[in-house]
Amino acid sequence: MRTLIQRVQHASVTIDGQLKSKIGKGLLVLVGVEDRDTREDIEWLCKKVANLRIFDDENGVMNRSVIETEGEVMVVSQFTLHASTKKGNRPSYIHASKPDIAIPMYEAFCAEMALQIGKEVQTGTFGADMKVELLNDGPVTIWIDSQNKE
């Protein structure tokens, strides 16, 4: 499971011209699922994301988590995080899970993230043509892959 985490001042998802969800200061988390991902990947990633110390403390040092800052979290599915660009110029998405596997994993990720932060998580809609708008704060953008725990 791959995540791309962006610290944001605000973010929103619009589908077919209608606002689906929005958050203020917090994290926009893009999530890509592959077949080998498990419940353990979800739990590890959600705990890691919820506790990342990437928000400034009173001294301007990134030393606080989204939990500590009472920030909001938006989770958006994004299969393109598993793009393979090894051959040619057209990315292959062969490693991204099909909806029958990815949807339950995405929903479980959202539920676990809500448990970790102690509040509701805003979401996109799996498989929809979403317009994601954000104001990256910093910019702070972090990539985490549960199959490569660095």
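Colleague: In what order do the elements of the protein run from the N terminus on?

Modeller: From the N terminus on, the order is β-β-β-α-β-β-β-α-β-β, which comes to two helices and eight strands. The names rest on DSSP runs, numbered from the N terminus: a helix is a run of H or I with at least four residues, and a strand is a run of E with at least two. Please keep in mind that this is a predicted model, in which local features need pLDDT of at least 70 and side-chain atom pairs count only at pLDDT 80 or more, while totals for chains, interfaces and linings use all residues. Residues are numbered from 1 along each chain as its sequence is written, and side-chain values use heavy atoms, with hydrogens and water left out.

Colleague: What makes the radius of gyration of the protein agree with that of a compact globule?

Modeller: The radius of gyration is taken over C-alpha atoms, and the globule rule is 2.2 Å times the number of residues to the power 0.38. For 150 residues a compact globule would have a value near 15 Å, and the protein has 15 Å, so the two agree.

Colleague: Which residues of helix 2 are called buried, and what do they pack against?

Modeller: Buried means under 20% relative accessible area, exposed means over 50%, and partly exposed lies in between, with a 1.4 Å probe and protein chains only. The residues of helix 2 that count as buried include Met105, Tyr106, Phe109 and Cys110. The buried residues of this helix pack against strand 1 (2–15), strand 3 (26–32), helix 1 (39–51), strand 6 and strand 7, where a contact means heavy atoms within 4.5 Å.

Colleague: Why is Thr123 called buried, and not exposed?

Modeller: Its relative accessibility is 17%, which falls under the cut-off, so Thr123 counts as buried. Thr123 is found in strand 7 (residues 122–123), and its side chain makes a polar contact of 3.3 Å with that of Lys20. Such a contact is a pair of N or O atoms within 3.5 Å; within protein, one must be able to donate a hydrogen and the other to accept it, and residues adjacent in sequence count only if both atoms are side-chain atoms.

Colleague: Where is His82 placed, and is His82 buried or exposed?

Modeller: His82 sits in the loop between strand 6 (72–77) and helix 2 (99–117). With a relative accessible area of 2%, His82 is therefore buried. A polar atom of its side chain lies 3.1 Å from the backbone oxygen of Gly32. Beyond four places away in sequence, the residues that His82 touches include Gly32, Tyr93 and His95.
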